[in-house]
Amino acid sequence: MSDGLETLILDESPRERGVRHGEVFAEAIGRNLDRYLSKYDYYGVDPRTARKWAERFIPLIEDANPEYADEIRGVADGSGISLTDVTLLNARYEIMYGIWAEQAKGVAQRGPPLPDGCTSFAVQGDVTADGRPYMGQNWDWIHDVEVFLMDVRPDDKPNHVAVTEAGIVGGKIGVNEHGIGLTLNGLVTTADGEHPFRKPYHVRFREILSARRLSEAIEPVISTDRACSANLLLGSPEGEFIDIESLPESATYLSPEDGLLVHANHLLGGTRTTSRFERLLPDTLCRAPRLRRLLENRSGDLSRERIQEILRDHFNCPASICRHVDEERPALERSATRTSVIIDPTGRRLFATDGPPCKAPYVEYAVSR
């Protein structure tokens, strides 16, 4: 376990950023590709089929966001890994759920694939010790997936820092120079994958981190329908937060109550769509109320250091807020907290661990301004 995430400064044009990303992380991208192909195969998706679907996303991404498409091409050129395989990583949610939904029609098989688990939060300045709002999460996923910290400095869009997986250009947990913050949680619903060829979530994540104000950050999430479900928590330096339970063709919006907002991997808002994650991993029903109670107990006196301690909580271990590998589960269904992140949107910075927060220190990463 290192003392921090490897950091890569990415500036200049989208293509040049991609080439740099690909050159530095070529081996890590290859390892991530192998991990995902193994996971796809476990859920009945053979590599040949996955790659055929990825090829269909190449023109879709080019139409949806040409700069993102240029950056993917740069990653492919810099790493020597095919454009199809890099696209497979960047559209991994959509490809997995699209193929699974298609194969599941009339066929009894393994349950739906589990997406990234997570427990996320937002606290407004009214309930913190220093009057600053904070947001963040424990990101639970493949325990050894290759990740790094992107320090993105484009010529014509806001600078931002974000945790991402090697090969994925969109980022996933981050903050930009305008204090717009992003966290995400996996969801599973019965509507997932019915219409798979829609703008991938990772493209939307990059667009969120390119926003100059909160309303601009909301737009990429809800302006077009999605292929599958996810929960996004967006924040601003003033401490205004919105949680979007984003389903394929609908969304529910949640706001802080008593200065707090907490979400795990099950639906909290009213919807006619059936939530399925808790049937697969019931611990989501433990993590969310546990995190809320621990934060409420410190309401009015929440410091960043106290939040860090809360994110190390081991109630219901190994399926706890600070998650550890459950050796009793099949190997390809296991997950652990890969990184814990606390975002200070007012300070335009985040604090992240390289591994579970009970074992790894929080290291500060600031947006270049």
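Over the face of which ring does Arg-304 lie? Arg-304 is placed over Phe-351, at 3.8 Å from the ring centre. Please keep in mind throughout that this is a predicted model.

I shall begin with the sheet and then turn to the aromatic residues. The sheet is open and has eight strands, in the order E1-E4-E5-E6-E7-E8-E9-E10, and its pairing is mixed. At the edges stand strand E1, residues 7–12, and strand E10, residues 251–254; each has a single partner strand, so one side of each is left without a neighbour in the sheet. From one strand to the next, the twist averages 20°.

Strand E1 pairs with strand E4, residues 147–154, in the parallel sense, and six bridges join the two. Within this pairing, Glu-12 has Pro-154 of E4 as its bridge partner. Helix H1, residues 14–24, packs on the sheet, where it touches E1, E4 and strand E5, residues 160–165. The direction of H1 makes about 155° with that of E1.

I now come to the aromatic rings. A pair of such rings is described by the distance of the centres and the angle of the planes. In the whole structure, a search finds seven aromatic pairs. One of them is formed by Phe-25 and Phe-148, and it is stacked, with 4.1 Å centre to centre and 20° between the planes. This pair links distant parts of the chain, for Phe-25 sits in the loop between H1 and helix H2, residues 26–42, whereas Phe-148 belongs to strand E4, and 123 residues separate the two.

Are these two residues buried or exposed? Phe-25 has a relative accessible area of 6% and is therefore buried, since the cut-off for that term is under 20%. Phe-148, at 0% relative accessibility, counts as buried as well.

Tyr-42 and Tyr-43 give an edge-to-face pair, with 5.1 Å centre to centre and 85° between the planes. Both Tyr-42 and Tyr-43 are buried. Elsewhere, ring pairs link Trp-53, Phe-57 and Phe-197 into a cluster.

Finally, I return to the arginines. Arg-204 lies over the face of Tyr-201, and the distance from the ring centre is 6.0 Å. For Arg-304, the case with which I opened, the ring is that of Phe-351 and the distance from its centre is 3.8 Å.

Thank you for your attention.

Conventions:
Residues numbered from 1 in each chain as written. Predicted model: local features only at pLDDT ≥ 70, side-chain atom pairs only at ≥ 80, totals over all residues. Heavy atoms only, no water. Pairing = 2+ DSSP bridges. Helix = DSSP H or I, 4+ residues; strand = E, 2+ residues; numbered from the N terminus. Axes fitted to C-alpha atoms, helices over the stretch in contact; angles between N-to-C directions. Contact = heavy atoms within 4.5 Å. Phe/Tyr/Trp six-rings, centres within 6.5 Å; stacked < 30°, edge-to-face > 60°. Buried < 20%, exposed > 50% of the residue type's maximum accessible area, 1.4 Å probe, protein only. Lys NZ or Arg CZ within 6 Å of the ring centre and 35° of its normal.
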